[in-house]
Amino acid sequence: MKEAIKSRLRAGAHEEALSLILRMGPANAIEDLEYACKALARIPAEVLAGRVPLRRKLAVLGGATTQFFVPLIRLFALRRGVHLEVYESDFGLYEQEIWSDSQALRAFAPDVIHFHLCSRNLSFSYNEIAAADRLDAEVSRFLRLYRAAGERFSCPVLADNFETDFERPNGGLDVMLAGSRNSLIRATNANLARNLPARVLLHDVEALSSKHGKLRWFDWRLYNAAKSAISFECQPYYADSLSAALASLFGKSKKCLVLDLDNTLWGGVIGDDGLGGIQLGAGQPAGEAFVAFQHYVKALKDRGVIIAIASKNEVENAWLPFREHPDMVLKETDISSCVANWEPKNVNLRTIAKQLNIGLDSFVFFDDNPAERDLVRSSLPEVTVLDVPEDPSLFVQCLDDAQLFDALSITEEDRRRGDYLQGNAARGQLEQTASSYDDYLAQLSMTAVVEPVLDTNIARITQLINKTNQFNLTTRRMTESEVRAFAADANAYTSSTRLTDKFGDNGLISVVFGRIDPADREILDLELWLMSCRVLKRGVEILDMEQVLAFCGKRGLRQVRGRYFPTAKNRLVENHYSSLGFRRIDADGEGTAWIYDVDTRLPLSHTIAILG
Amino acid sequence: MPDHRLELQDIIRDLFDDDEIQVTEKTMASDIRGWDSLNNVKLMVKIEKKFAIRFGAGEIVSLKNVGELLRLIEAKTRR
């Protein structure tokens, strides 16, 4: 990362450098984060102002050393949409700044005052006597300080609560003694939380330090050397948590979570696997993970986060689990907007934004497919795209860690927001982002391997033949021996395509079978054409057609004939042959028939490199 | 004997974001802009990480210049 930013800066590509800098989160390597903070100074003011116009002033009054992490707060606040100017009081003078009505602080005129504190700022000593009195005195000291800060400087106050120690001189008794240091610290936190003056918010350092582990959070050597209450390792997490609170104070929390469906809310693909085939519910690890994730999303919805869906599915399939699966936690009524079609997702996100009448910069996109995430990230930079982990068991943490939806309070209106905004699963009329979509496809660096039926792929081919329902022209099922027999025919054409892109190997994703018509030996009948929906509209359809035409050329065939047999699930491909330039012809029986003259040039192209 | 001076120079150039900094045996903290006590702590942590050594609580306080720091690093890496 560091080298990438350095090279952009050297080349004067400030906008690109800034984009890289703003992609960094607390989980990035410390060296990269430190460099990003320094690199920010090299970004021209106009570029920064253009990217993050909202400016706010933060005063940090510390009871411990603040200089190490303040640059990180600036970095993560920028990422969340707030350009902070920061004032730091001299070390340890957090009370004096307020009570002496600091001139410097007044001149700074903060928009928010943050008290950076640690448990060493509490004067509890071990083995407290008269614990209750000490507790009241300390709680009052801080409450009065926060109230005065807010009143004197007319701004909100964000105060750290206190982390418990990991050392316990009372050993096992520690938790049972009301006067032990940790018990007093816990009681202080509880008291503060219950008695906060207006416009004073608590920043839960106790929860944060517990989450990361107190042994990692507090470094005695660092505290002794520099009076830093947080280890270098954990400072980014502290800074990010603080910037989430600041972002929500300044109206920059996200408002809408846009979810994919297949392999995001349940395991598998509803259009292909059906209600009984998707993984959702108790009994299987994957099913449990998706249920847990749905519970978390539901909790977000219940406190006012808008939930929307952008899925590559037929509309009826998209709603099917919501309506009929017994283990679905999320209901139709929880979804404020659902766009289910085969359009690119950046187009659909614009539709949702228009429907809900909120800006794209308040969107969070959560999709298991890295290619979709990349498309949205590159075409809609205002949208926050989460790096979704591969294991669904980690989905909740991914969303929770990002802390994108922090609110200052939860009102009745928040609780009811989802119902108010619930709309239809409609498609909007939108500007097509055609050129950017082609660019996107080109930079996917797709490569493909095309093979006929072989011993090495016959099992997978047979599997695809029997489970693919949506992108399937004839829905003809075959057993492995039938596939083998078909391939052995000298007049048969079999092809299977494996696709790899920059995100990895997608595996075998399409199958085309044909046979030369014994009655008219110059026509190839396509008996089978199916593809995984995951790679829809990437050009594989065109690549497969090119392969068919190449075969026809080699065997001197004049025409290609295809049939479409409609089923409940494959309406997706009713225009497949038409889109490839086939002509409709009459046919007996169900469905449609199509013909293509081999010497006609295929009007379409793709950006997939064929290997081997 | 491995030249730790160059590695140390890299660390210092990195920390103070200045590829022009020249570090010699005689270099002192006061020679480099921004080398205050807090950055000194940061530097020591980076040195510990890079050379896989640990400084004891009192060891750094008495160091006068880079030369003495290098001597300390060499002593610890030799073990």
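Predicted model: local features only at pLDDT ≥ 70, side-chain atom pairs only at ≥ 80, totals over all residues.

Q: What makes up the secondary structure of chain A, and what does its C-alpha trace span?
A: Chain A has 25 helices and 18 strands. Along the principal axes, its C-alpha trace spans about 100 × 55 × 45 Å. Of the 612 residues in chain A, 54% are buried. Among contacts in chain A with a separation of 6 or more, 71% are between residues 24 or more positions apart.

Q: Why is A:Asp374 called buried?
A: The relative accessible area of A:Asp374 is 14%. Buried means under 20%, so A:Asp374 counts as buried.

Q: Why is A:Lys502 called partly exposed?
A: A:Lys502 has a relative accessible area of 41%. Exposed means over 50% and buried under 20%, so a value in between makes A:Lys502 partly exposed.

Q: What makes the pair of A:Asp374 and A:Lys502 a salt bridge?
A: Their side chains meet at 3.2 Å, N to O. The cut-off is 4 Å between a side-chain nitrogen of Lys or Arg and a carboxyl oxygen of Asp or Glu, so the pair qualifies. This pair links distant parts of the chain, with A:Asp374 in helix H18 of chain A and A:Lys502 in the loop between strand E12 (492-501) and strand E13 (504-516), 128 residues apart.

Q: How do you know that A:Lys312 and A:Glu372 form a salt bridge, and which parts does the pair tie together?
A: The closest N and O atoms of A:Lys312 and A:Glu372 are 3.0 Å apart. That is within 4 Å, so the pair counts as a salt bridge. A:Lys312 lies in strand E7 and A:Glu372 in helix H18 of chain A, so the bridge ties together parts that are 60 residues apart in sequence. Both A:Lys312 and A:Glu372 are buried.

Q: Why are A:Asp525 and A:Arg561 each called partly exposed?
A: A:Asp525 has a relative accessible area of 21%, and A:Arg561 has 23% relative accessibility. Buried would mean under 20% and exposed over 50%, so both residues fall in between. The side chains of A:Asp525 and A:Arg561 also meet in a salt bridge, at 2.8 Å from N to O. It links strand E14 of chain A, which holds A:Asp525, with strand E15, which holds A:Arg561.

Q: What is the count of salt bridges over all chains, and what is it between chain B and chain A?
A: The whole structure has 43 salt bridges over all chains. Between chain B and chain A the count is six. One of these pairs is B:Asp17 with A:Arg42, whose closest N and O atoms are 2.9 Å apart. The cut-off is 4 Å, so B:Asp17 and A:Arg42 meet it.

Q: What makes up the side of chain B that touches chain A?
A: Helix H1 (4-15) and helix H2 (37-51) of chain B each supply at least two residues, and H2(B) gives the most, with seven. By kind, the residues on this side divide into five nonpolar, no polar and seven charged.

Q: Which residues of chain B lose the most area to chain A, and how much area is buried between the two chains?
A: About 1200 Å² is buried between chain B and chain A, and carbon and sulfur atoms give 48% of that. B:Asp17, B:Leu38 and B:Lys42 lose the most on the chain B side, together 45% of what that side buries. The contact takes 12 residues from chain B and 15 residues from chain A.

Q: Which residues touch the most other members of the largest nonpolar core?
A: They are A:Ile5 and A:Leu246, in a core of 48 residues. Several helices of chain A and strand E1 (55-62) each supply at least two of its residues, including helix H1 (2-10) and helix H13 (235-249). H5(A) gives the most, with seven residues. Apart from this core lies another, of 44 residues, with A:Leu441 and A:Cys552 among them.

Q: What is A:Ile5 in contact with, leaving aside its neighbours within four places in sequence?
A: Among its contacts are A:Ala17, A:Leu20, A:Met24 and A:Tyr35.

Conventions
Residues numbered from 1 in each chain as written. Chains lettered and ligands numbered in written order. Heavy atoms only, no water. Core = buried A, V, L, I, M, F, W, Y, C linked by side-chain atoms within 4.5 Å. Buried < 20%, exposed > 50% of the residue type's maximum accessible area, 1.4 Å probe, protein only. Helix = DSSP H or I, 4+ residues; strand = E, 2+ residues; numbered from the N terminus. Contact = heavy atoms within 4.5 Å. Buried area = accessible area lost by both parts, 1.4 Å probe. Nonpolar A, V, L, I, M, F, W, Y, C, P; charged D, E, K, R; others polar.
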